[in-house]
Amino acid sequence: FRMYEKLAGMTGTAETEATEFHDIYRLAVQVIPTNQPCIRVDRNDSIFKTRNDKFGAVVKEIEEANKRGQPVLVGTVSVESSEKLSRMLRRTGIIHTVLNAKFHEQEADIVARAGQRGAVTIATNMAGRGTDIKLGEGVRAIGGLYVIGTERHESRRIDRQLRGRCSRQGDPGLTKFYLSLEDDLMRLFLQGNLASKLMEGSMQEGEELEHPWLNRSIESAQKKVEQQNYSIRKRLLQYDLSLIHISEPT
């Protein structure tokens with residue numbers, strides 16, 4: 001991208017990467033206010049000891065939302081997780097759709113139907129997908145689209161992409177992340193955090209932890225991973241520039 005004289009772009013999640021845009025491309029990030037006020041409700045993360053406990057809680061939450069007719073969009077970090085959750089939902093008899101990049105032709109149609117009453121959609125790394133999720137008849141009255149994340153990503157940007165799938169143009173919406181101490185990010189988080197080590201030792205199977213302080217601690221872990229990944233990319237760029245300099249004719 002540095003080969004171009006002028007650069008510009010638009011995305012809903014550039015704010016967390018503003019430093020990198022400035023350092024690498026000399027681009028400023030400007031946040032534009034939403035057209036309509038965002039009335040989305042972001043619930044605290046729920047943390048469990050094991051992945052099985054976490055997925056069990058997710059299935060239970062989907063069941064409760066499905067009973068009241070609220071559409072649910074579930075974001076997973078891998079195809080394996082989406083298929084595991086799909087098997088669990090089939091055992092409970094909940095009709096759902098899985099979107100994991102295996103059916104490219106039907107993607108837009110699947111996403112477009114995700115806001116209909118009673119719809120349950122499981123998606124891997126859910127971003128924009130080029131399709132807006134419109135709420136079906138009567139869905140606004142029962143809280144709008146419910147977005148559930150089954151794991152935190154290393155990048156806050158990807159989590160925000162998932163959250164941003166609901167509450168478009170002033171629609172109501174609800175989001176919540178479910179985590180376990182066995183998740184990749186949580187294992188990194190546990191390595192250098194005394195409070196989290198104590199949490200790991202005291203938590204019982206099936207026990208649920210939920211607190212705003214935990215949300216902030218997890219975001220702090222994400223920031224550390226983001227900084228490490230940025231350092232890797234910056235070092236690669238410096239190496240690239242040094243090669244360009246060496247290859248230039250004298």
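Tutor: A disulfide is a covalent bond between the sulfur atoms of two cysteines. Here, the sulfur of Cys166 lies 7.4 Å from the closest cysteine sulfur, in Cys38, which is too far for a bond; the cut-off for a disulfide is a pair of cysteine sulfur atoms within 2.5 Å. A search of the whole structure finds zero disulfides, and Cys38 is in none. One caution: this is a predicted model, where local features need pLDDT of at least 70 and side-chain atom pairs count only at pLDDT 80 or more, while totals for chains, interfaces and linings use all residues. Residues are numbered from 1 along each chain as its sequence is written, and side-chain values use heavy atoms, with hydrogens and water left out.

Student: Is Cys166 buried or exposed?

Tutor: Buried means under 20% relative accessible area, exposed over 50%, and partly exposed in between (1.4 Å probe, protein chains only). Cys166 has a relative accessible area of 2%, so it is buried. Cys38 is at 44%, so it counts as partly exposed.

Student: Which residues does Asp159 touch?

Tutor: Contact means heavy atoms within 4.5 Å. Leaving out residues up to four places away in sequence, Asp159 touches Glu151, Arg152, His153, Phe177 and Gln222. Asp159 sits in helix 5 (residues 156-163); helices (H or I, at least four residues) and strands (E, at least two) are DSSP runs, numbered from the N terminus. At 3% relative accessibility, Asp159 counts as buried.

Student: How far does helix 2 reach from its first C-alpha to its last?

Tutor: The expected span of a helix is 1.5 Å times one less than its number of residues. Helix 2 (residues 51-67) has 17 residues and reaches 24 Å, close to the 24 Å expected at 1.5 Å a residue. Its buried residues include Phe55, Val58 and Ile62. Among the elements that the buried residues of helix 2 pack against are strand 3 (72-76), helix 3 (79-92) and strand 5 (120-124). After helix 2 comes Gly69, with a positive phi near 85°.

Student: Which residues other than glycine have a positive phi?

Tutor: Most residues other than glycine have a negative phi. Arg26 is one with a positive value, near 55°, and Gln169 is another, at about 50°. Arg26 lies in the loop between helix 1 and strand 1 (41-42), and at 61% relative accessibility it counts as exposed. Gln169 is in the loop between helix 5 and strand 7, and it counts as exposed at 55%.
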